[in-house]
Amino acid sequence: MEANLAEGFDLSGLLDEYRDEARGQLDQLDAALLKLEREGTLPEPERTALLRALHTLKGNSGMLGYAAIRDFVHAAEAVFREPPAAWPQPLLDRLFEGAAALRRAVERVGTADEAAALERLRQLLPLPSLPSEVPAAEAPAGPDTVAGGDEAAALGAATDVLRVPFAKLDALMNRVGDVFGIHAALDDLIERHRAALQAAGVWPELRERVELLERVADELRAAALELRLVPIGRVFGRFPSLARELAREQGKQVRVVLEGEDTELDKSTVDALAEPLLHLVRNAVDHGLGTPDERRAGGKPPEGTLLLRAVQAGDRVRVEVEDDGRGLDRERILRRAREAGLLAPGEEPDDEEIAALIFRPGFSTRHEADTVSGRGIGLDVVASSVARLRGGLAVEDVPGRGTRFVLELPLTLAIVPALLFEAGGELLALPALEVEETLRPGRPDRVAGAEVVRHGDALVPLARPARLFGWADDADAEVSGGAIRFAVIVRRGSRSAAVAADRLLEQRDVVVKALPAYLGQPPGVSGATIAPDGRVVLVLDPGGLIDLNLESHRRLRRAP
Amino acid sequence: MPRKPGKILIVEDSPTMCQLYRIVLGRDGTELVFAGTGVEALDLAAQQPDVELFIVDINMPQMDGLEFLRRLRGELGVRETPAIVISTEGEEADRRAAEAAGADAYLRKPWTPEQLLSAVEAVAAGG
């Protein structure tokens with residue numbers, strides 16, 4: 001280490017601290033670069049946060065004597081301090097290269113590979129210069145006619161297209177939500193005073209106008225949502241080269257195939273996808289692909305294939321990250337799960353359950369020695385952030401042939417059609433598109449100690465919100481065993497639940513707001529919204545609710 | 001013989017830097033107290049009047065180091081306890097701003113342990 005620090009000091013632990021902190025700072029740089037590339041600019045507060053992270057990393061690197069790291073970070077910081085109006089591609093490319101090289105260097109400090117990694121960083125400076133600020137109208141045309149033609153075409157096309165800051169679209173969306181709220185309140189009001197309005201002879205006209213308002217609100221919402229659509233290719237954008245870079249570092253080869261890049265999604269979903277996808281791509285390169293030797297031994301071509309596929313399915317989008325490596329190593333997963341204390345002694349999970357272990361908190365640790373990409377982040381973090389977005393994350397594999405992660409998100413996170421109901425004295429809502437059916441089951445049956453409801457040929461586990469969320473005692477007759485008036489069947493994949501409801505209220509579009517941070521992330525709840533009468537409605541997450549319910553039923557079955 | 005301070009309050013949000021301070025300053029039984037934000041630091045300073053030295057990083061989130069120092073000297077009225085301000089920039093203007101805020105010494109990063117220890121001894125002795 002080129003040290004500024006003198007001898008005689010115990011530096012053990014210092015490098016670990018530095019590396020740990022740097023990983024977080026470089027994560028911020030990665031996220032910022034991806035956002036910058038997607039949107040053409042890095043907005044506040046990300047920019048200020050990034051500057052702070054870079055500044056600290058610069059200082060720390062200088063303190064430890066890593067001038068090469070310090071210098072590159074300083075150059076990057078300088079660019080973000082005074083960003084250009086339009087970022088030239090060569091600069092962007094160099095920053096991406098630099099981010100990868102920084103990560104490599106940070107992982108290698110204190111090891112034998114330190115010098116090479118630092119040298120690589122030095123070669124990346126100076127950064128490509130910014131063009132001198134010239135007003136767009138006077139920008140010189142390209143030397144060849146093709147470039148000139150492109151420019152003219154671009155200018156021509158520009159008149160058909162408007163650049164609108166996303167903030168304005170967000171504001172529009174909020175107003176649309178407000179219109180729905182007003183309609184709901186109006187609807188409620190006229191219904192309550194129906195008799196009086198009929199007597200006054202104004203009922204038919206009022207009723208018609210309120211219905212018209214709803215139709216127009218629907219159209220308004222559809223139009224507003226259309227404005228926000230963005231092709232998913234924007235999120236895929238940088239992943240191919242990132243994956244190739246990462247693979248190269250690990251001595252692996254990969255070719256990246258994209259499918260469905262034109263699939264259009266709401267901007268909120270595209271933004272939400274970026275980080276989980278990044279982790280999945282990293283994970284695929286780290287653990288999925290395999291080195292050329294390993295692959296040859298398995299009868300595969302040395303070059304691995306990483307497939308990123310986006311498909312719209314109804315009101316959700318499914319993004320798959322698929323590799324053609326060796327699939328999930330169940331023995332290794334089982335071993336690690338036992339080491340991490342995730343399994344009871346003697347517990348023997350089946351194949352599917354073993355696969356699901358990788359999403360459990362505590363499965364991977366931050367200091368994994370074999371995470372060469374420098375990321376100790378667990379799939380549990382990815383899974384929980386996806387769940388918070390009312391999405392799902394699952395894994396499928398064919399041992400020896402490959403692994404596929406399936407990430408699912410709603411098409412838009414902004415407005416959700418929801419079924420409002422009352423249960424256990426609380427106002428609740430379920431996303432309407434995930435409700436299969438509502439039944440009037442009467443008294444639930446019991447199978448092996450757990451309550452179930454008949455739905456066609458199937459027996460669906462009953463979920464009583466009061467018991468699941470702890471609002472009422474288990475001993476309370478209302479909470480277990482009592483007849484239920486309605487059961488709302490929800491399904492996520494192959495699992496389902498029958499949610500007990502005392503009253504079904506209505507179906508309406510709601511704007512789901514995240515719960516305030518101090519409430520944490522209760523499982524089974526995705527957020528809250530406000531009913532027309534001002535009461536708070538808890539919006540449930542079907543996936544989380546199903547899992548919560550299954551866990552509760554498992555516990556009941558195990559009890560003697 | 002300059003006396004080594006018994007308790008130092010360090011206002012610094014980087015875990016790496018905190019570890020460095022521990023390594024360099026924590027050897028001879030000096031008690032180190034860390035605050036990750038200016039607000040936390042003001043709280044601690046108010047609760048622990050036996051702090052003998054403040055080491056303040058200028059670059060802190062929300063309330064920067066100089067703002068903390070101004071409030072320490074002003075609102076909290078802690079005027080006698082010496083404070084060293086740590087910065088990465090090192091321009092003259094920065095140094096003067098630090099002094100105006102109530103710093104007794106100004107140190108630029110990257111500092112060597114010798115430089116830090118000298119600065120600590122110098123201000124602790126009232127220099």
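Helices, as named on this tour, are DSSP runs of H or I with at least four residues, numbered from the N terminus, and the model they are drawn on is a predicted one.

Begin in chain A by selecting α7(A), which gives the most to the lining of the second largest pocket, with 4 residues. The pocket itself has a volume of about 680 Å³, and 21 residues line it, with A:E39, A:R163, A:V164, A:P165 and A:F166 lying nearest its centre. Colouring the lining by residue class will show 13 nonpolar, 2 polar and 6 charged residues.

Staying in chain A, select strand β9 (residues 426–431), where 5 of the 6 residues are buried. This strand runs parallel to β18 (residues 536–540) of chain A and is joined to it by 2 bridges; to find the pairing in the viewer, pick A:A429, which stands opposite A:V539 in β18(A).

Now move to chain B and display its open sheet of 5 strands, whose order is β2-β1-β3-β4-β5 with parallel pairing. At the edges are β2 (31–35) and β5 (105–108) of chain B, each of which pairs on one side only, and the twist averages 20 degrees from one strand to the next. Within this sheet, 4 bridges join β1 (residues 7–11) to β3 (residues 53–57) of chain B, and B:V11 can be selected together with B:V56 in β3(B), which stands opposite.

Finish on helix α3 (residues 65–73) of chain B, which lies across β1, β3 and β4 (83–87) of that chain and runs at about 150 degrees to β3(B).

Technical notes
Residues are numbered from 1 along each chain as its sequence is written. Chains are lettered from A and ligands numbered from 1 in the order in which they are written. This is a predicted model: local features need pLDDT of at least 70, side-chain atom pairs count only at pLDDT 80 or more; totals for chains, interfaces and linings use all residues. Side-chain values use heavy atoms; hydrogens and water are left out. On a 1 Å grid over the protein atoms alone, a cavity is a set of points where a 1.4 Å probe fits but cannot get out, and a pocket is an open set with protein on both sides within 12 Å along at least five of seven lines; lining residues have an atom within 4 Å of a point. Grid points are joined across faces, edges and corners, and a volume is the space filled by probe spheres set on the points. Ala, Val, Leu, Ile, Met, Phe, Trp, Tyr, Cys and Pro count as nonpolar, Asp, Glu, Lys and Arg as charged, and the others, Gly among them, as polar. Buried means under 20% relative accessible area, exposed over 50%, partly exposed in between (1.4 Å probe, protein chains only). Two strands pair if DSSP finds at least two bridges between them. Axes are lines fitted to C-alpha atoms, for helices over the stretch in contact, and angles run from 0 to 180 degrees between N-to-C directions. Contact means heavy atoms within 4.5 Å.
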